[in-house]
Amino acid sequence: MLKIFNTLSRQKEEFTPVGRAVTMYSCGPTVYSYAHIGNLRTYIFMDLIRRVLRYDGYKLKGVLNITDVGHLMADSDDGEDKMEKASREQQKTPWEIADFYAGVFFEDLKKLNIGKPEIIAKATDHIEDMIRYVQALQEKGYAYETSDGIYFDISKFPAYGQLSGINLDDQEAGARVEVNSEKRHPADFALWKKADPLHIMQWDSPWGKGYPGWHIECSAMSRKYLGDTFDIHSGGVDHIPIHHENEIAQNEALSGHRSVNYWMHGEFMLVDGGKMSKSLGNTYTIAQLEEKGYAALDFRFFCLNAHYRKKLNFTFEGLDAARTSRERLMAALAQHNASPAPTAPEKLEAYRNRFVEAINDDINVPLALGILFEAIKEPKSKDIYKLALEFDKVLGLSFDVLPALPQEESEPVPAEIAALIEQRTQAKKDKNYALADRIRAEIAQKGYSVIDTKDGAKVTKLK
């Protein structure tokens with residue numbers, strides 16, 4: 001039985017879907033810039049949920065939104081539209097900006113073996129749905145109009161704060177001078193913004209030309225495709241206090257009942273122990289990692305070693321360790337695949353049962369990965385490799401693409417290669433990882449592979 005941690009109840013709960021297919025909505029990217037590795041950890045988390053559900057035999061109906069309008073620079077109603085700002089800075093239309101960065105995003109997902117949900121929903125394709133949603137909230141008395149937009153009246157929704165535990169009395173007492181004096185409460189949020197005539201992205205509406213608030217996008221699109229009540233809503237922990245809290249208010253104000261049964265959130269990724277931020281210049285993209293000699297799956301493997309509800313500290317030393325560990329795993333699987341010897345069925349079943357127990361305990365992939373590493377220590381057997389392939393339906397590490405086995409016969413390492421190995425070892429001691437990666441690539445071009453072990457670098461000639 002699958003158990004998952006529900007942010008709403010703050011405890012693990014047995015998973016029981018509403019219908020035959022599991023319905024799941026995942027907050028997607030705002031496509032005004034490149035997704036960084038912190039963002040992508042969230043989508044690896046989304047992918048793991050979906051893979052575990054499939055492994056358990058469920059069918060899926062998932063939605064991933066693409067926010068290409070309406071997301072302001074702050075998660076509240078402050079600042080300007082991110083798409084508008086990117087358009088001005090890059091001298092391209094918002095649609096050109098969205099198409100380009102969405103394309104890069106989906107290419108990153110492909111490199112990371114992240115499967116696309118069944119429905120990809122662009123915000124700009126659903127403006128009419130959002131307008132009808134806002135109108136319905138107005139009719140029910142949950143929204144009011146000001147000179148700059150339509151706002152949700154949180155005083156009409158007593159359950160506001162149930163996801164984040166926010167205390168609105170404390171917030172009001174600590175509020176600074178009102179940015180918008182027409183708002184009835186500092187936490188009231190925009191459902192629709194009336195556009196300045198110069199604003200690039202705007203649509204006709206009952207309230208004049210304008211564009212949707214960020215939060216209404218997800219409510220309108222999840223309701224359209226998944227109904228008034230669906231199973232799982234995933235996203236990052238940064239969405240809990242504002243975006244997802246506001247989604248709940250909109251959803252439940254309109255429907256009159258609980259809209260999402262299980263809220264699941266992935267924790268932050270840190271960099272060198274601190275916050276990851278574009279302003280700090282410490283964000284990295286998959287392309288930048290590839291430029292440094294890492295494969296996208298090295299990063300996926302790195303992420304799999306931490307539970308999704310734990311903060312993950314990114315360092316290049318940690319990524320080096322993940323790459324080395326993944327290379328050893330792949331090399332061991334290649335050896336198992338080459339062996340015709342069998343493994344006792346009861347032993348295979350024991351590993352399988354433990355793996356299933358781990359992934360069904362709130363998607364405990366680090367534990368599941370540890371069980372695989374335990375299994376590969378068994379005597380070489382194709383049965384172990386086949387078991388790993390089964391586990392890979394969850395892990396997504398491409399175990400079906402194995403490295404070539406090194407030559408059986410031990411051959412002397414040429415002096416030229418030995419010298420390169422020594423240079424690489426010194427570069428790693430000096431923490432010059434870029435140089436070490438270049439030397440590794442040069443060694444590979446000369447027909448040799450190098451794997452770091454606890455006893456030093458191990459060199460083998462490639463077939």
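# Note on helix packing and selected residues

1. Apart from neighbours within four places in sequence, Gly 115 has contacts with Met 46, Asp 47 and Arg 50; contact means heavy atoms within 4.5 Å. Gly 115 sits in the loop that runs between H3 and S5. Helices (H or I, at least four residues) and strands (E, at least two) are DSSP runs, numbered from the N terminus. Gly 115 has a relative accessibility of 31%, so it counts as partly exposed. The cut-offs are under 20% relative accessible area for buried, over 50% for exposed, and in between for partly exposed (1.4 Å probe, protein chains only). Between Gly 115 and Met 221, the C-alpha to C-alpha distance is 20 Å, with 106 residues separating them in sequence.

2. On the source: this is a predicted model, in which local features need pLDDT of at least 70 and side-chain atom pairs count only at pLDDT 80 or more, while totals for chains, interfaces and linings use all residues. Residues are numbered from 1 along each chain as its sequence is written, and side-chain values use heavy atoms, with hydrogens and water left out.

3. The loop that holds Gly 115 also holds Asn 113, between helix H3 (94-111) and strand S5 (119-122). Asn 113 is not a glycine, yet its phi is positive, at about 60 degrees. With 22% relative accessibility, Asn 113 is partly exposed.

4. Arg 10 is another residue to check: its phi is positive, about 60 degrees, although it is not a glycine. Its place is the loop between strand S1 (3-6) and strand S2 (11-14). Arg 10 is partly exposed, at 44% relative accessibility.

5. Val 31 belongs to the loop between strand S3 (21-26) and H1. Val 31 is buried, at 2% relative accessibility. Its C-alpha atom is 13 Å from that of Gln 90, which is 59 residues away along the chain.

6. Turning to the helices, two packed helices are described by the angle between their axes and the distance between the axes. The axes are lines fitted to C-alpha atoms, for helices over the stretch in contact, and the angles run from 0 to 180 degrees between N-to-C directions.

7. Helix H13 (residues 382-395) packs with helix H12 (residues 365-375) at an angle of about 170 degrees, the axes being 11 Å apart. That angle makes H12 roughly antiparallel to H13; angles over 145 degrees count as roughly antiparallel, under 35 as roughly parallel, 65 to 115 as roughly perpendicular and the rest as oblique. The crossing of H12 and H13 is left-handed, which is the case if the near helix is turned anticlockwise from the far one by less than a right angle, and right-handed is the case if clockwise. From H12, Val 365, Leu 369, Leu 372 and Ala 375 meet Ile 384, Ala 388, Phe 391 and Leu 395 of H13. This contact has eight nonpolar residues, no polar and no charged ones. Here Ala, Val, Leu, Ile, Met, Phe, Trp, Tyr, Cys and Pro count as nonpolar, Asp, Glu, Lys and Arg as charged, and the others, Gly among them, as polar.

8. H11 and H13 cross at roughly 15 degrees, and their axes come within 11 Å. The two helices, H11 and H13, are therefore roughly parallel to each other, and H11 passes H13 in a right-handed crossing. In H11, Leu 348, Tyr 351, Arg 352, Phe 355 and Ile 359 meet Asp 383, Ile 384, Leu 387, Glu 390, Phe 391 and Val 394 in H13. By class, this contact of H11 with H13 has eight nonpolar, no polar and three charged residues.

9. H13 itself has 14 residues and spans 19 Å between its first and last C-alpha, close to the 20 Å expected at 1.5 Å a residue; the expected span is 1.5 Å times one less than the number of residues. Its buried residues are Ile 384, Tyr 385, Leu 387, Ala 388, Phe 391, Asp 392, Val 394 and Leu 395. Their cover includes helix H1 (37-55), helix H9 (296-304), helix H10 (316-337), helix H11 (345-359) and H12.

10. H10 also packs with H15, at about 25 degrees and with the axes 12 Å apart. H10 and H15 are therefore roughly parallel to each other. Glu 317, Asp 320, Arg 323 and Glu 327 in H10 meet Tyr 433, Asp 437 and Arg 440 in H15. This contact of H10 with H15 has one nonpolar, no polar and six charged residues.

11. Arg 440 lies in helix H15 (residues 433-445) and is buried, with a relative accessible area of 13%. Leaving aside neighbours within four places in sequence, Arg 440 has contacts with Arg 323, Glu 327, Arg 424, Val 450 and Asp 452.
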